Amino acid sequence: MRTHQAFRFALDPSPRVERALASHVGARRFAFNGGLALVKARLDAHARGEAVAVPWTLPALRREWNRAKEALAPWWREHSKEAYASGLAGLADALRNWRDSRHGRRKGRRMGFPRFRKKGRGRESVGFTTGAIRVDDQSPVVLPRIGRVRTHEPTTKLLARLRSGTARILRATVSREGGRWFVSFACEVEREPGTPRRPETVVGVDAGVRHLAVLSTGETVPNPRPLQRALKRIARLNRELARRQPGSRNRAKTRRRLARLHAHLAHIQQDAWHRLTTRLARTYGTVVVERLHVAGMLRNRRLSRALADTVLAELRRQLTYRTVWYGSHLVEADPFYPSSKTCSRCRTVKETLPLWERTFRCDACGLVRDRDENAARNLAALAVAVAGSGPETENARGRDVRPTARRAVPEETGSPQGEAPAARTP
Ligand SMILES: [Zn+2]
């Protein structure tokens, strides 16, 4: 079976290499911002009634860049041309996401119009798709124009796969997160298809913010302790930031510490999700999760719901490829399926269930159960209904609210180490 997998390594660059990396990240940002300025100028001209073409797509942006680069960036030869291509590709993606989101074709959070990138803000990266990309046995990584870069950890696992011909590098992405450098290799990998330990079983997963997840088996998977600690420290630093003078050196320092902490938090969270999704896909024949809410449906709702959607998107993304790897199935519940408000014993649906109500109490049959576990059990029952067998089938279908579900389409794959293609819409 051929799938995609990413291998990620922390880098340990020398001062010279670090300057080259920073310079390439800067060149990418320059192309992104230059392209964006052009798109904005064309949109303005268009609004004034001028007959101009707006370069929405990557090929159109590249044509414009090639025409303008000599005047705009006479130093362009100093970097791999991949740096500019990477910036324009990022811009084309951002523009497409914005347009899709506006037309309701995109799931999840609403996407705004792309904004100019500022140096040192957020995650900065640059991608390489062609040229001298290599990993060899002295453990360093070779990148176009940049040359050899030392890694913090051995690249043995990837190297073994490359040697045996079971992996092929498609793309390398270098990023700076919270002051540290990383490289991620997106690879095409040949792997043996697996089978889950209990292929006949179904598990419902209620992803949350308070807990990592609650399963229909009654198991609560807690947020890892370091995550709770990091959240507390972030709250403290945010208060500290509010006290600092705008533009002061201390403020910049606090901001940098916050960025590092956010990067750290993201890593802990990803790691916890990777462990959970691996265990689920390896154990159960069918895994059921809620489907993502379609963009627009949730506008102006609570922040906690938006956060839950981010969690859900990540769990779904990981489960999508992991279930393929381990031969289990992913089922997504319809976003309108009232998994929280339905009694998991008698299937009576409550009119309302406020968010603060942490325990589900059924007025019809008297069931008292943890709210999240009740929801997870309903999700599991849904898969049984879809499969069309088992004692719960009749119950699940015989209600006014007809739950619908579909098999998830494996549209993308990713890695146990973290970095994988971001959630995308089909
Ligand atoms: Zn009931």
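This is a predicted model: local features need pLDDT of at least 70, side-chain atom pairs count only at pLDDT 80 or more; totals for chains, interfaces and linings use all residues.
User: Which protein residues are the donors of the zinc ion?
Analyst: The zinc ion has C343, C346, C362 and C365 as its protein donors, each through its SG atom, and these lie 2.3 Å from the ion.

User: What is the geometry of that site?
Analyst: The site of the zinc ion is tetrahedral, and the angles among its four donor atoms run from 107 to 113 degrees. As background, the ideal angle for four tetrahedral donors at a metal is 109.5 degrees.

User: And how are the donor residues spaced in sequence?
Analyst: They follow the spacing C-x2-C-x15-C-x2-C. C346 sits in the loop between β12 (329-333) and β13 (359-361), while C362 sits in the loop between β13 and β14 (368-370), so this pair ties together parts of the chain that are 16 residues apart in sequence.

User: What about C346 and C362, buried or partly exposed?
Analyst: C346 is partly exposed, with a relative accessible area of 23%, whereas C362 is buried, with a relative accessible area of 8%.

User: With those cysteines around, how many disulfides turn up?
Analyst: A search of the whole structure gives zero disulfides. For orientation, a disulfide is a covalent bond between the sulfur atoms of two cysteines.

User: Let me change topic to rings: how many aromatic pairs are there?
Analyst: Searching the whole structure turns up eight aromatic pairs. One of them joins F30 and W75, whose ring centres are 4.9 Å apart and whose planes stand at 70 degrees, so the pair is edge-to-face.

User: Why does that count as edge-to-face?
Analyst: Because planes over 60 degrees apart are counted as edge-to-face, and the planes of F30 and W75 are at 70 degrees.

User: Where do F30 and W75 lie in the chain?
Analyst: F30 is in helix α1 (residues 15-47) and W75 is in the loop between α2 (58-72) and α3 (81-102), so the pair ties together parts that are 45 residues apart in sequence. F30 is partly exposed, with a relative accessible area of 29%, and W75 is partly exposed as well, with a relative accessible area of 29%.

User: What kind of pair do W98 and F113 form?
Analyst: W98 and F113 form an edge-to-face aromatic pair, with 4.8 Å from centre to centre and 90 degrees between the planes. This pair links distant parts of the chain, since W98 is in helix α3 and F113 is in the loop between α3 and β2 (124-128), 15 residues apart.

User: How accessible are W98 and F113?
Analyst: W98 counts as buried at 15% relative accessibility, whereas F113 is partly exposed, with a relative accessible area of 24%.

User: Back to F30, which residues form an aromatic cluster with it?
Analyst: F30 belongs to one aromatic cluster together with W65, W75 and Y84.

User: And which rings have R8 and R99 over their faces?
Analyst: R8 lies over the face of F182, at 4.1 Å from the ring centre, and R99 lies over the face of W56, at 4.2 Å from the ring centre.

User: Zooming out, how many helices and strands does the chain have?
Analyst: The secondary structure of the chain comes to nine helices and 15 strands, and 47% of the 426 residues count as buried. Among contacts in the chain with a separation of 6 or more, 66% are between residues 24 or more positions apart.

User: What can you say about V331 in particular?
Analyst: V331 lies in strand β12 and counts as buried, at 1% relative accessibility. V331 and V289 are 42 residues apart in sequence, while their C-alpha atoms are 6.4 Å apart in space.

User: Last one, where is E373 and which residues is it in contact with?
Analyst: E373 is in helix α8 (residues 371-387), where it is buried, with a relative accessible area of 15%. Leaving aside neighbours within four places in sequence, E373 is in contact with V214, L215 and G218.

Technical notes: Residues are numbered from 1 along each chain as its sequence is written. Side-chain values use heavy atoms; hydrogens and water are left out. Donors are N, O and S atoms within 2.8 Å of the metal (3.2 Å for Na, K and Ca); water is not among the atoms, so sites may look incomplete. Four donors count as tetrahedral if all angles lie between 85 and 135 degrees; four count as square planar and six as octahedral if opposite donors are over 155 degrees apart and all others between 65 and 115; anything else is irregular. Helices (H or I, at least four residues) and strands (E, at least two) are DSSP runs, numbered from the N terminus. Buried means under 20% relative accessible area, exposed over 50%, partly exposed in between (1.4 Å probe, protein chains only). Rings of Phe, Tyr and Trp (its six-membered ring) pair if their centres lie within 6.5 Å; planes under 30 degrees apart count as stacked, over 60 as edge-to-face and the rest as tilted. A charge sits over a ring if NZ of Lys or CZ of Arg is within 6 Å of the ring centre and within 35 degrees of the ring normal. A disulfide is a pair of cysteine sulfur atoms within 2.5 Å. Contact means heavy atoms within 4.5 Å.
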